[in-house]
Amino acid sequence: MTETIHTSKAESSVLSSILDCHPFLAGKVITFTSEFDGTERDFSKDLEDQFNNIYHEDYSSKVDGRPSNRDEMKKLYEELLHRRARVSVERFDFIEANCFLLVFHLIYEGRSTLVR
């Protein structure tokens, strides 16, 4: 069975650059973000496995200027699923061997924000 994933031109360009640099990771990112299609659902075991494939245990970043860790990101995504969020990839850059910058564009409840 073939799954169709709809993306914007900008997102398609970003995903294309991920595919060029790291096709295995691109599949993980595409699969994870495709779950956030505006449909309310729970954070399933399958989605948690996808999350774990992207966010390593030592993950840290800033969301809205505040420090964030892996557990906080998981809670954010759980909340976004319940709020029927749409998620797309805004930016992808390799920093070093096992570290990359991934910026998601979130749209929910009339709000639009970037998360990295």
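A salt bridge is a side-chain nitrogen of Lys or Arg within 4 Å of a carboxyl oxygen of Asp or Glu. This is a predicted model: local features need pLDDT of at least 70, side-chain atom pairs count only at pLDDT 80 or more, and totals for chains, interfaces and linings use all residues. Residues are numbered from 1 along each chain as its sequence is written, and side-chain values use heavy atoms, with hydrogens and water left out.

**Exercise 1.** Find which elements make up the protein chain.

Solution. Start with the count: the protein chain has 4 helices and 5 strands. Helices (H or I, at least four residues) and strands (E, at least two) are DSSP runs, numbered from the N terminus. Then take the order: α-α-α-β-β-α-β-β-β from the N terminus.

**Exercise 2.** Work out which residues are linked with R41 in a network of salt bridges.

Solution. Take E35: its side chain meets that of R41 in a salt bridge, 2.8 Å from N to O. Next take D37: its side chain pairs with R41 at 3.1 Å, N to O. Together, E35, D37 and R41 form a network of salt bridges.

**Exercise 3.** State where the two partners K74 and E48 lie in the chain.

Solution. First, the pair: K74 forms a salt bridge with E48, with the closest N and O atoms 2.8 Å apart. Next, the places: K74 is in helix 4 (residues 70-82) and E48 in helix 3 (residues 45-54), 26 residues apart.
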